[in-house]
Amino acid sequence: MKTQFPIIDFHTHPYIDESTNICVHKEYCNMDVSSTVETFKKLGIEKICGSVTFNGGALKPENCTWDSVRKMNDTALKLKEIYGDFYHPGFHIHPAYVKESILEVERMHKLGVNLVGELVPYMHGWADYSSKEFYEILDAVEHYDMVLNIHTIYDGSVDKLVKDRKNLTIVAAHPSEYEGFMEHLNRMKISENYYLDLSGTGIFRMGLLRHGIDEFGADRFIFGSDYPICNPACYVGGVAYNTTLTDEEKEKILYLNAKRLLRL
Ligand SMILES: [Zn+2]
């Protein structure tokens, strides 16, 4: 199915080779840099966004150094060179490396990159979204008016982050199951700059998206798949074939919201 407008996938983790591809079934999918484009374009997805979240080889969270972070970010920039308009890169920061992270924010700003994340702390050996060190880096992120995309952690630290940083545009990932989704909606009440991307678990629950839109409007929800862990076709279907949504709501979620937030 093709929509009347181009779809933007806000949440992906592109890869440059097999060693940076985090799909656990990759040997069955004929995946490489050019087949990625085909996979998305067949679904009407014209642009993908997000971070490279694996640096190749055997990155263990406890061994994640600044060099590993920088390598993932450089791979994202290399993919941008290959993909051009098809890819809007996201980059990593790391609270164990405050000075380096701030310099990285500045470097990315100069290159026109305005998306931080998706950050995936459990993969990179850190855990707290509300630490003093993380906030210090966020000062730079906020200064350059970047968008922060975070993997949702259910330990209260996202609540604290959202309360403390109401001027920062935060897009949390994964609607999750009922309890988790209600936590997302509560945070939407706390900050007008809190959004939810629809990747990962949750969108297959009947009525979930309608529930969120009825309470907070379609502007707060953004299409994302979490490719190559998840199959983007399921997520396009979950919005484009969702009989509880109007065409106007679908266009906002699949296209306009990401376009507006990332100034595309
Ligand atoms: Zn992800």
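Two strands count as paired here if DSSP finds at least two bridges between them. By that rule β4 and β5 pair, because 4 bridges join these strands, which run parallel. Please keep in mind that this is a predicted model.

- Strand β3, covering residues 87-91, runs parallel to β4 and is joined to it by 2 bridges.
- Within that pairing, G90 stands opposite L115 of β4.
- On to the next pair: V116 has L148 in β5 as its bridge partner.
- Between β5 and β6 there are 5 bridges, again in the parallel sense.
- N149 finds its bridge partner in β6, namely V171.

**Strand β5 and H151**
- Strand β5 is mostly covered, with 5 of its 5 residues buried.
- V147, N149 and H151 point one way from the strand, while L148 and I150 point the other way.
- Both of these sets are buried.
- H151 belongs to β5, which spans residues 147-151.
- Why does H151 count as buried? Its relative accessibility is 18%, and the cut-off for buried is under 20%.
- Setting aside neighbours within four places in sequence, H151 is in contact with E118, L119, V120, P121, Y122, Y129, A173 and H174.
- One of those contacts, E118, is also a protein donor of the zinc ion.

**The zinc site**
- Which residues supply the protein donors of the zinc ion? They are H11 and H13 through NE2, E118 through OE and D226 through OD.
- These donors lie 2.0 to 2.2 Å from the zinc ion.
- The site is irregular, with angles of 83 to 169° among its 4 donor atoms.
- Along the chain, the donors follow the spacing H-x1-H-x104-E-x107-D.
- H13 sits in the loop between β1 (7-9) and α1 (33-41), and E118 sits in strand β4 (residues 115-119), so this pair ties together parts that are 105 residues apart in sequence.
- H13 is buried, at a relative accessible area of 3%.
- E118 is buried too, with a relative accessible area of 3%.

**Helix α7**
- Helix α7 runs over residues 178-190, which makes 13 residues.
- From first C-alpha to last, α7 reaches 19 Å, close to the 18 Å expected at 1.5 Å a residue.
- Its buried residues are G180, F181, H184, L185, R187 and M188.
- What do the buried residues of α7 pack against? Their partners are the helices α6 (157-164) and α8 (208-216), together with the strands β6 (169-173), β7 (194-197) and β8 (221-222).
- On the face turned away from the buried side, α7 carries the exposed residues Y178, E179 and K189.

Notes: Residues numbered from 1 in each chain as written. Predicted model: local features only at pLDDT ≥ 70, side-chain atom pairs only at ≥ 80, totals over all residues. Heavy atoms only, no water. Expected span 1.5 Å × (residues − 1). Buried < 20%, exposed > 50% of the residue type's maximum accessible area, 1.4 Å probe, protein only. Contact = heavy atoms within 4.5 Å. Donors = N, O, S within 2.8 Å, 3.2 Å for Na, K, Ca; no water. Tetrahedral: all angles 85-135°; square planar, octahedral: opposite > 155°, others 65-115°.
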